[in-house]
Amino acid sequence: MIVTTIDSPAGRADFAAAPLVYPTTRTVVQVDDYHGTPVADPYRWLEDDTSAETTAWVTAQNEVTFDYLSSIPFRDRLRARLTQLVDYPRLSAPTKKRQWFVFTKNDGLQNQAVYYLQDGEQGEPQVLLDPNTMSADGTTRVVGVSIDDPGENIAYLVSAAGSDWQEIRVMDPHTRLDREDRVQWVKVSDIAWHGRGFFYSRYPIPDVAAAAYSSMNEDHQVFYHALGSSQHEDVQVFRDAAHPQRFHNVATTEDERFAVLYTSDRGNGKDGNAIAVRDLSAAEASFRQIWTTFDDEMAVIDHVADALLVVTNRHAPNRRVVRINLSSADETQWTTIIAERAEPLDGITSAGGRLFTTYLQDVTTRAYVSDLDGTDVQEIALPGLGTAAGFHGEHDATFVFYTFTSFTAPPAVYRYDIASGESTLFREVTLPFDPTQFETTQVFVSSKDGTRIPAFITARKGLARDGNNPTLMYGYGGFNISLSPAFSALRMAFLEQGGVYVQTN
C-alpha cells in the first residue's frame with residue numbers, strides 16, 4: 001500500500017506500509033426469510049455488543065488499525081497541525097429571556113461547550129454550566145437549557161455517559177446553585193414552562209435499571225412537574241396506552257396560554273405529526289385535536305389572538321405558513337399567511353412582532369422579515385454564500401441574534417436591529433490560519449436523470465483545477481436533508497496541502 005501525503009513543510013514523500021492482515025472473523029449459519037427471500041446473516045453474533053467475544057473482536061481490529069497509523073512517519077506533525085487548527089473559540093448566538101442572555105462557548109480544545117449566563121446585553125458573562133466538570137471522564141452532557149417566564153429558574157437536561165436517558169435539574173440563575181428538583185427517566189422531551197413548573201415527557205421506570213440503556217422503550221407519557229415537589233407527585237397530563245410506540249411532546253406558547261401537544265408515529269414510517277392544543281388560561285382539562293394524521297409536518301410558530309400560526313408541508317412540499325383559528329380548525333378554514341415558494345422554507349421564528357424566515361436557495365441561506373400577517377418587510381443582507389440560523393426572540397424584542405458560517409469561516413454572531421433592519425457583527429473569533437487564502441465556488445452539474453445539482457468547490461485561491469489535485473468529494477441525500485455550507489477546522493489541514501473539497505447537494 002502506497003500513501004502520499006505531506007512529509008515536511010516543503011513537500012511530499014511516499015512511504016510504504018506493511019500489508020494489512022485482518023483478524024479472522026467467525027461466521028455462523030444464520031438465514032432469515034423476508035417475504036419468501038432468504039437472506040444470510042453470518043455475522044449476527046456481532047450484534048451482541050456486550051459479549052466477551054465481540055469485545056475481543058473489536059480489540060483485535062483496533063490493533064490492526066493503530067499499528068498501521070503508528071507507522072505513518074508524518075502522523076505526529078499532522079496531529080500537531082490538526083490540534084492547532086481546532087484550537088479556536090466557538091460561540092453560539094445568545095438567547096434572551098427577560099434580563100438574561102445565555103450562550104455557549106468552547107475555548108478550543110474542550111470536549112464540550114460551556115454554558116454562560118449574562119445579566120443584560122453589556123453584563124459580564126459568568127459560567128452557568130460546565131459539562132466538562134460534571135463527570136470524571138467528561139462524558140456527561142448538557143442537552144438543553146430553558147428559562148422560565150419571570151427569569152427566576154433555569155431548567156436543564158443532563159445526559160450521562162452518552163445515554164439517551166436524561167435528567168432534568170433546576171437552577172437559581174442569581175446564585176447559579178441547583179434547587180432540589182430532580183426529574184428522571186426523561187427521553188425525547190422538551191421543557192415547557194407553565195407557571196411554577198413545567199411539562200416534560202418520560203417513559204415508565206424500567207424494571208431493571210441496568211438494562212434500561214439498551215432496551216426498547218414504550219409508553220411515552222407527558223407529565224407536569226411543580227417546582228419544589230418530588231417527582232412522584234408529578235401529574236400525568238397525557239398518555240396513549242393504545243399506541244405505546246408513539247412519541248408525545250408538549251410546548252407552551254411564550255405567554256403560556258396554550259400548551260401544544262405534538263404526537264409522532266415514526267415507528268410506522270410516518271414523517272409527520274399530529275397536534276392538539278389545550279387553553280391553559282381557560283383551565284381546559286384535556287387537549288383539543290387540531291390535526292390528527294401523521295403524513296404531514298405541523299409546527300406551531302406562535303399564536304395571534306385565538307389563532308395559531310403553523311408552518312406545514314401539507315399540500316406544500318417546500319412548506320408554507322397558515323393561520324388556524326381555534327374556533328374552527330378544519331382545514332377548509334385555514335388561511336395561508338406565507339405561501340410556498342420555489343425554495344424550501346428552512347426555518348421560521350417569531351420575535352418583536354415579526355416573522356423571520358430562512359429559505360434555501362441553491363442550498364445557501366436567504367433570510368427575510370415579514371409582519372405577522374405575512375406582509376413582506378425586507379430581506380436581511382447576509383455576509384455571503386453560507387448558512388444563517390437563529391433569529392430567536394421574545395414578543396417585545398427590539399433585536400435578534402443570528403449566526404453565519406461558510407466553508408472557510410466559522411460561525412460569527414450578528415445582531416439584527418428590528419426597527420432599522422440593520423445587521424452588525426456582534427462576536428467573531430480569531431483563527432489559527434488565514435481564511436482569505438481560500439475560496440468557495442458554487443457550480444451546477446447534471447445528474448444521471450438530468451436533475452440540476454448544486455455543488456460547492458473549496459480550495460486555495462488560484463489553485464489550478466486540472467484534475468491533478470487530491471480531491472475529497474462528499475454528499476448526502478437521506479431523510480430530505482440538504483448539506484448546507486459549514487465550517488470544519490480539520491478540513492483546513494487538507495486544503496492547506498493543496499487538497500480540493502467538493503460538497504454535492
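Q: What does contact mean here?
A: Contact means heavy atoms within 4.5 Å. Keep in mind that this is a predicted model.

Q: Which residues does Q221 touch, not counting residues up to four places away in sequence?
A: Leaving out residues up to four places away in sequence, Q221 touches Y200, S201, R202, P204, Q236, F238 and R239.

Q: In which strand is Q221 found?
A: Look at strand β16, which covers residues 221–226. Q221 is found there.

Q: Is Q221 buried or exposed?
A: Buried means under 20% relative accessible area. Q221 has 7% relative accessibility, so Q221 counts as buried.

Q: With which side chains does the side chain of Q221 make a polar contact?
A: One partner is the side chain of D219, at 2.9 Å. Another is the side chain of Q236, where the polar contact is 2.6 Å. Q236 is also one of the residues that Q221 touches.

Q: Now the aromatic rings. How many aromatic pairs does the structure hold?
A: The structure holds 23 aromatic pairs. Take F101 and F401 as a case. Their centres are 6.3 Å apart, with 75° between the planes. Planes over 60 degrees apart count as edge-to-face, and the F101 and F401 pair is edge-to-face.

Q: Which parts does the pair of F101 and F401 tie together?
A: F101 lies in strand β7 (residues 100–106), and F401 lies in strand β31 (residues 399–405). The pair therefore ties together parts that are 300 residues apart in sequence. F101 is buried, and F401 is buried too.

Q: What kind of aromatic pair do F407 and F456 form?
A: This pair is tilted. The distance is 5.2 Å centre to centre, and the angle between the planes is 50°.

Q: Where do F407 and F456 lie?
A: F407 lies in the loop between β31 and β32 (412–417). F456 lies in strand β35 (residues 452–460). So the pair ties together parts that are 49 residues apart in sequence. Both F407 and F456 are buried.

Q: Which residues do ring pairs link into a cluster?
A: Find F356, F391, Y402, Y414 and Y416. Ring pairs link these residues into a cluster.

Q: Last, the surface. Which residues make a nonpolar surface patch of about 470 Å²?
A: Y474, Y476, F479 and I481 make this patch. Start with Y474, which is found in strand β36 (residues 471–475). Y474 counts as partly exposed because its relative accessibility is 44%.

Definitions and conventions
Residues are numbered from 1 along each chain as its sequence is written. This is a predicted model: local features need pLDDT of at least 70, side-chain atom pairs count only at pLDDT 80 or more; totals for chains, interfaces and linings use all residues. Side-chain values use heavy atoms; hydrogens and water are left out. Patches are made of residues with over 30% relative accessible area and no salt bridge: like charges are joined within 9 Å, nonpolar side chains (Val, Leu, Ile, Met, Phe, Trp, Tyr) within 5 Å. Accessible areas come from the Shrake-Rupley method with a 1.4 Å probe; for residues, only the protein chains shown count as cover. A salt bridge is a side-chain nitrogen of Lys or Arg within 4 Å of a carboxyl oxygen of Asp or Glu. Helices (H or I, at least four residues) and strands (E, at least two) are DSSP runs, numbered from the N terminus. Buried means under 20% relative accessible area, exposed over 50%, partly exposed in between (1.4 Å probe, protein chains only). A polar contact is a pair of N or O atoms within 3.5 Å; within protein, one must be able to donate a hydrogen and the other to accept it, and residues adjacent in sequence count only if both atoms are side-chain atoms. Rings of Phe, Tyr and Trp (its six-membered ring) pair if their centres lie within 6.5 Å; planes under 30 degrees apart count as stacked, over 60 as edge-to-face and the rest as tilted.
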